[in-house]
Amino acid sequence: MNIPNKLTILRIIAVPALVAAHYFCVSAIPAVLLFIFASVTDWLDGYTARATNQVTPLGAFLDPVADKLLVVTALGLLMSTKPDVILTISGIVVIARELFISSLREWMAVMSADCRIEVSRIAKMKTGLQMTALILLIYASKSASPIWDAGVSLLVVSILFSLYSALNYLKTAWPALTFGSKQQ
């Protein structure tokens, strides 16, 4: 168990702690700090794994799972706590995109090792915008704050990056999807 994998596991453990902090703390600060910690481990585990040549199959599997758990949980908490039409639609788009890309990556991996879809620069920018938006939204979730509107706006911008990167992934996968050698 190397350091990057331990960081990923910490991110997974932070998810139920985030739920508890969100529902049982009067202030949003503990939930914000947990989410920031988890977001930093998202960046740090990947950086550390590549920089120290500690990329493992376990880490390659757990990292995207931890990312999706964190984002989907945060969106679910926010949508259940502070109903907002734009947030709900944004949350559905984010979750649908993540399911689509995860399924596409899995399918491409099954098709051929040559058909792997790498994380793009746009997808990394989307993640940064999304995490920042979620931090603002978690912070503003327990009060009437103009920060809420800024968080929703930033989440919408992250969705534009998200959809653009999804189209790029689909474009990369399209030849294998339409002309692939394996039949269903």
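First, the ground rules. The model is predicted, so local features need pLDDT of at least 70 and side-chain atom pairs count only at pLDDT 80 or more, while totals for chains, interfaces and linings use all residues. Residues are numbered from 1 along each chain as its sequence is written, and side-chain values use heavy atoms, with hydrogens and water left out.

Salt bridges, then. How many salt bridges does the structure hold? There are 7. The criterion is a side-chain nitrogen of Lys or Arg within 4 Å of a carboxyl oxygen of Asp or Glu.

Take Asp63 and Arg11. They form a salt bridge, and their closest N and O atoms are 2.5 Å apart. This pair ties together distant parts of the chain, 52 residues apart: Asp63 sits in helix 3, Arg11 in helix 1 (residues 3-24). By helix I mean a DSSP run of H or I with at least four residues; strands are E runs of at least two, and both are numbered from the N terminus. Is Arg11 buried or exposed? Arg11 counts as buried because its relative accessible area is 0%. The cut-offs: buried is under 20% relative accessible area, exposed is over 50%, and partly exposed lies in between, with a 1.4 Å probe and protein chains only.

Next pair. Lys68 and Glu98 join their side chains in a salt bridge, 3.1 Å from N to O. Again distant parts of the chain are linked: Lys68 is in helix 3, Glu98 in helix 4 (residues 85-111), and 30 residues separate them. Lys68 has 27% relative accessibility, so Lys68 is partly exposed. Glu98 has 7%, so Glu98 is buried.

Glu98 has another partner. Arg97 forms a salt bridge with Glu98, with the closest N and O atoms 3.4 Å apart. Both residues are buried. Elsewhere, salt bridges with shared partners join Arg11, Asp42, Asp45, Asp63 and Asp67 into one network.

Asp45 lies in helix 2. Its relative accessible area is 3%, so Asp45 is buried. What does Asp45 contact, leaving aside neighbours within four places in sequence? Pro4, Leu7, Thr8, Arg11 and Asp63. Contact here is heavy atoms within 4.5 Å.

Now helix packing. Helix 4 and helix 5 (residues 121-140) pack at about 145°, and their axes are 14 Å apart. Axes are lines fitted to C-alpha atoms, for helices over the stretch in contact; angles run from 0 to 180 degrees between N-to-C directions. Which hand is the crossing of helix 4 and helix 5? Left-handed. That is, the near helix is turned anticlockwise from the far one by less than a right angle; clockwise would be right-handed. Helix 4 brings Leu87, Val94, Arg97 and Glu98 to the contact, and helix 5 brings Ala123, Lys126, Gln130 and Leu137.

Val32 lies in helix 2. Val32 is buried because its relative accessibility is 8%. Val32 and Ile138 are 106 residues apart in sequence, yet 6.0 Å apart in space, C-alpha to C-alpha. Leaving aside neighbours within four places in sequence, Val32 contacts Ile135, Ile138 and Tyr139.

Another pair of C-alpha atoms: Ser153 and Ile86 are 67 residues apart along the chain and separated by 9.0 Å. Ser153 is in helix 6 (residues 146-179). Ser153 is partly exposed because its relative accessibility is 44%.

Met1, Leu58, Phe61, Val65 and Leu69 make a nonpolar patch of about 470 Å². Patch residues have over 30% relative accessible area and no salt bridge; like charges are joined within 9 Å, and nonpolar side chains (Val, Leu, Ile, Met, Phe, Trp, Tyr) within 5 Å. Areas come from the Shrake-Rupley method with a 1.4 Å probe, and for residues only the protein chains shown count as cover. At 37% relative accessibility, Leu58 is partly exposed.

Last stop, Asn53. It lies in the loop between helix 2 (29-51) and helix 3. Asn53 has a relative accessible area of 70%, so Asn53 is exposed.
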